[in-house]
Amino acid sequence: MKKRRLAAGFMAAAMVIGTLAGCGGGSSSGGSSSGDSTTAAPAETTTAAPVQAEVKEATGEDVTLKVALWDYSNTEYYKTMINAFQEKYPNITVEVVEFTADEYDNVVVTQLSGKQDFDVVFTKGTPALSALIKQGHIYALDDLLAADPDFDPEKYSGLVDQLSLDGHTYALPFRYDNNLIFYNKDLFDAAGVPYPEDGMTMAEYHELASKMTSGEGNDKVYGTHVHTWPSNVYQYPNRTEKFVFCDPTTYESLIPYYNEIIAMQDEGVVQDYGALKSSNIHYSGVFYNQQVAMLQIGTWYINMLCENVKDFNWGVCAMPNDDGMANENSIGGVTPVSIGAYAKHPAEAWQFISYVCGEESAKVLASCGIVPGYSSEAVGEIFDGLHDTYPNAPEGLSKYLSCEKNVMEQPMHAQNKEIDTIMQEQHSAIMTKSVSVEEGVQQLIDRVNEILE
């Protein structure tokens, strides 16, 4: 564990926009990535009674906020955002308690179980948030939200409601990462193949990937890339709301998508799941190195491409599906921010959360190519302007960030953590062909029903 006290130091917005190359993490440290889910310590089977954070005015006295985060050291936009907050609130010093990304969910549960006095707790997704709620380790924010005249839930496109559990809200969305198809324009141009488009069916996506597969051995270029997370399959029907993460009655919608992806794997259009897992191959490198023509991944990848890709042009489109949906819905994960139940300074913690989940911070994140939970025209304009600073990036990115509806990939549910573990195990069994698609999905249904009952 590392602790770092941050010195106040403000970067003006113009400077942030002018130095975008320093705004990213250099790794998939975005909290909304499904692959960041880990198995936390077993939680109680019942949810603790919610404790409301005390509603009071911040005193203005000098205080130090203890903030739990991961990958702080190599993520510049965290520093920029926190420095800007301290400039606005000079009486508040932010002390970041940093953990590694892979261990974060487990360590935070352990620390809070020992009543660690974190004022602010970032979590990497709703499974981790649900585990903390079940054990009573974070405050419910209902009274604070009701008492804050500046808080507008409409600015979060329904995400605040989706972060509620049993009628109580425990977090605000810091980030929201929509899942898209990223593609290498230069590879498509060289092959004389039209770019992928919004509204493709899975069969059309498969056919396009086949056309873009070429070469052999180390020189092979795969038509697309299916990373190893379960979400790299379930996001397709999830976006059209045919699949719901915590509802086993919807799981049969996975079958045609698994069948299509297994067929692409059998044909060598995508890399083999087992090889990807055993070699620990990261999705970012295969796209950076132009070993794949397409990639389905979250919008945190915009930041990574802006920083790391200078030698080819790339574009994005909505994920394919078999329901005729073009770009109407977005589907992604949320990075929630909460007040720790053992916080020494809950009023100042609310000031911090209001800031980092508000418009000022949203503009900082957008300037770095990171999609905030807060949405506005100003944020969209910043994304559309990224092409001016990064010519390899596409124009018009904003239309893929604020769709008609934001769907949360893992809705709040008390058993989310357990469901997530089962989902990963069954996904591995299906993708390695240890079971047939139909058998694997039925086992998934049976196992999740068991824990829900």
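Is Asp71 buried or exposed, going by its relative accessible area? The views below take this up, starting with the whole chain. This is a predicted model, in which local features need pLDDT of at least 70, side-chain atom pairs count only at pLDDT 80 or more, and totals for chains, interfaces and linings use all residues. Residues are numbered from 1 along each chain as its sequence is written, and side-chain values use heavy atoms, with hydrogens and water left out.

**View 1. The loop that holds Asp71.** With a relative accessible area of 14%, Asp71 is buried (under 20%; exposed is over 50%, partly exposed in between, with a 1.4 Å probe and protein chains only). Asp71 sits in the loop between strand E2 (63-70) and helix H2 (76-88); helices (H or I, at least four residues) and strands (E, at least two) are DSSP runs numbered from the N terminus. Its phi is positive, about 55 degrees, although Asp71 is not a glycine.

**View 2. The loop that holds Lys433.** Here the loop runs between helix H18 (416-431) and helix H19 (437-452). Lys433 also has a positive phi, near 65 degrees, and is partly exposed at 48% relative accessible area.

**View 3. Around Phe122.** Leaving out residues up to four places away in sequence, Phe122 touches partners including Trp70, Tyr104, Phe174 and Phe352 (contact means heavy atoms within 4.5 Å).

View 4. Cys317 counts as buried at 1% relative accessibility, and Cys368 counts as buried at 4%. The count of disulfides comes to zero, taking pairs of cysteine sulfur atoms within 2.5 Å.
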